[in-house]
Amino acid sequence: MESSTRPTISAACVQRIDRLLAGGRRSFLGLTGPPGAGKSTLAGILATRFGAQCRVAPMDGFHLANVELVRLGREGRKGAADTFDSAGYVELLQRLRRQRPGEIVYAPEYRRDLGEAIAGAIPVLPETQLIVTEGNYLLLDEGPWAEVAGLLDEIWYVESDDDVRRERLVRRHEQHGRSHEAALAWVAGTDEPNARRIAATRGRADFVFRWGDLLS
């Protein structure tokens, strides 16, 4: 979601997270939805709202390296479920669940400007109460992805108007070097098939977040 103002989430959304945190233990909130739905934006809003209590550890840090995608013949489908190290992502969530006092767990970060993931970029301290993780395939029920939902306390499906979402994706691809025509082709041939696959998982979410749930 792009806005010139800094939005805040509604009281109802805050209450959902407050209930997660009420037990005093670390809680895990997943944000899923199709490409361009605004998952990263929402994660950033939550991080601002909950401050030092919260750390964002995105799924996108587990993109396979471009050289590996070329080796596998998957470079034209980057962003599909099999272009991530899903087992590595599951292992990170498990490490964060069993994190010991005094231990720092480092999560990777995907850098869109580089088109690559950077290892060890996000330090998660043991006192962090809320882990927010966002990504496309948190509710996928195959392979290692099927383990993700059981490691999260709640998963929100982030829903956005499809036309707005596709326009946002085209702009994103153009900002990172694709021509307008190439951006349109990538959205139609890669992002949208992924979006349809992700939409099929919507019914397994604990809550559907719509951008109307923001108060500007």
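Start with the largest pocket, which holds about 990 Å³ of space. The model on screen is predicted. To find the centre of this pocket, select D60, H63, Y110, R112 and R172, which are the closest to it among the 36 lining residues.

Next, colour the elements that give two or more residues to the lining: α2 (39-50), α3 (66-72), β4 (105-111), α5 (162-175) and α6 (180-199). Which element gives the largest share of the lining? Select α5, which supplies six residues. Then colour the lining by residue class: 14 of its residues are polar, 13 are charged and nine are nonpolar.

**H63**

Stay at the pocket and select H63, one of the residues closest to the pocket centre. H63 sits in the loop that runs between β3 (54-56) and α3. Is H63 buried or exposed? H63 counts as buried because its relative accessibility is 12%, and the cut-off for buried is under 20%. Show the residues around H63 next. Setting aside neighbours within four places in sequence, H63 contacts K78, G79, T83, F84, Y110 and A117. Of these contacts, Y110 is also listed among the residues closest to the pocket centre.

**L42**

Move to helix α2, one of the elements that contribute to the pocket lining, and select L42, which lies in this helix. L42 has a relative accessible area of 0%, so L42 is buried. Display its surroundings: not counting residues up to four places away in sequence, L42 touches I9, L31, W156, V158, F209 and W211.

For a distance check, pick the C-alpha atoms of L42 and G150. These two residues are 22 Å apart in space, C-alpha to C-alpha, and 108 residues apart in sequence.

**α1 against α2**

The crossing of the two helices is right-handed.

To see the contact itself, show these side chains:

- from α1, V14, I17, D18 and L21;
- from α2, L46, R49 and F50.

Colour this contact by class as well. Five of its residues are nonpolar, two are charged and none is polar.

How values were computed: Residues are numbered from 1 along each chain as its sequence is written. This is a predicted model: local features need pLDDT of at least 70, side-chain atom pairs count only at pLDDT 80 or more; totals for chains, interfaces and linings use all residues. Side-chain values use heavy atoms; hydrogens and water are left out. On a 1 Å grid over the protein atoms alone, a cavity is a set of points where a 1.4 Å probe fits but cannot get out, and a pocket is an open set with protein on both sides within 12 Å along at least five of seven lines; lining residues have an atom within 4 Å of a point. Grid points are joined across faces, edges and corners, and a volume is the space filled by probe spheres set on the points. Helices (H or I, at least four residues) and strands (E, at least two) are DSSP runs, numbered from the N terminus. Ala, Val, Leu, Ile, Met, Phe, Trp, Tyr, Cys and Pro count as nonpolar, Asp, Glu, Lys and Arg as charged, and the others, Gly among them, as polar. A crossing is left-handed if the near helix is turned anticlockwise from the far one by less than a right angle, and right-handed if clockwise. Contact means heavy atoms within 4.5 Å. Buried means under 20% relative accessible area, exposed over 50%, partly exposed in between (1.4 Å probe, protein chains only).
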